[in-house]
Amino acid sequence: MRHAMVDGINSWQPLSEPVAAAMRQVPRHLFVPDASLEEAYSNSTVVTRRDQDGIATSSSTGPGLMGAMLDQLQLRPGMPVLEIGAGTGYNAALLAALVGPAGHVTAVEITPEVADDARAALTAAGVTNAEIVCGDGEYGHRPNAPYDRIIATAGAWELPQSWGDQLAEGGVLVAPLRIKGLTRSVALTRDPSGVWRSHSALNCGFMPIRGRGAMPERNIRLAEDLTVRFDDGQDVDADELRRVASPPGEVRWSRVLIDRPLDLLDLYLAELDGFCRVLASASVTERGLIEPVAGWGSMGAATRQALGYLTKRTSLDNQYLDELGVCAYGPAAASMLDQLTERVDRWRRTREAIAGVRIEIHPPGRGEVADALMTVEKRHSRVVVRPRQESERRAPQPG
């Protein structure tokens, strides 16, 4: 089943030979013992713990994304590696296989029970060159530093100083970086001036990191099948939002066909006041709400007077494709539609020329922002997201 899992991933997202070999070697089912074998060897995230509200608090990331992040890390035999967020221990086992007997993996896990389970799973899998440390990943683990590679497996709102301090010169850090509610797995190196610069960035989703550096997400449940999620500590009145989010809504159609992933559109929406993630299932249409653009829901924006998000319908010109639209509810629905439409139109005009993004993390208040798609001020840093033009040559990656 391990081979079938890897072959399936390779069919749509080729893995490097070392990462594919590690996934063929490590038995994932030992790390998710409550899942069926079919679940364990699917390309899906397996949730292993939830809180009292049903929100996932621990999981094993989908193998496809996990493999892609391991490729971002560019591991070599003999390297010392630090992992922030051990989870089930499966990723630590893959890291251990990649660095080999001469390398060592230190995985920091904040929840004692999760750390205990990860240790037990690593023992059952016969992994001897990885250790689980129970502690707050905000501080890394100085006793085993420096590390040639650091990888975080929880959404980091900001990069702690300790990670940079414990990374060897020329080392690579891979972290799911949270930027105004968006998450990108970013592979970064730090230049002599202390600026972090990306050499790859992948769309992803991760639970927020916990501990001293946490910036919790806020989930406002409007109905059984509708939740609005905010990041960056946004202050939102839940009762007002519930009053706003009721049918009928208004819709505008863009004439843009959804013939490829909408990967960069969220970056254009993210500068809206009240930017949020609208988590909605298909059943919302039964209550008179408008269908979101994806199976999980849509990106959108919410204010005291309006809730808006992306939607879709079968194209009038091509029955095999969907057309992108925007919808909104509330007293200020027309204004919200104007804002969403303007962002969609701006994205439409530039999407052919932009191949991706480059992400830089500067000290507070520094870093040129003139050509930025997005600039976000954090507690101790400024994140600048720049467009990577189709014509740009891919930046050289660390050796």
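Predicted model: local features only at pLDDT ≥ 70, side-chain atom pairs only at ≥ 80, totals over all residues.
Residues are numbered from 1 along each chain as its sequence is written, and side-chain values use heavy atoms, leaving out hydrogens and water. Local features need pLDDT of at least 70 and side-chain atom pairs count only at pLDDT 80 or more, while totals for chains, interfaces and linings use all residues.

Now select R313 and E323, whose closest N and O atoms are 3.0 Å apart in a salt bridge. R313 lies in strand β15 (residues 307-314) and E323 in strand β16 (residues 322-329), so the pair ties together parts ten residues apart in sequence. Strands here are DSSP runs of E, at least two residues, and helices are runs of H or I, at least four, numbered from the N terminus. E323 is buried at 2% relative accessibility, whereas R313 is partly exposed at 27%. Buried means under 20% relative accessible area, exposed over 50%, and partly exposed in between (1.4 Å probe, protein chains only).

Next, move to helix α10 (residues 333-350), where R348 and D345 sit three residues apart, about one helical turn. Their salt bridge has its closest N and O atoms at 2.6 Å. R348 is partly exposed at 37%, and D345 is partly exposed at 29%.

Then pick R382 and E377, a salt bridge at 2.7 Å between the closest N and O atoms. Here R382 is buried at 15%, while E377 is partly exposed at 43%.

Finish by selecting D191, R197, R358, E360, D371 and R386 together: salt bridges link them in a network.

Key. Salt bridge = Lys/Arg side-chain N within 4 Å of Asp/Glu carboxyl O.
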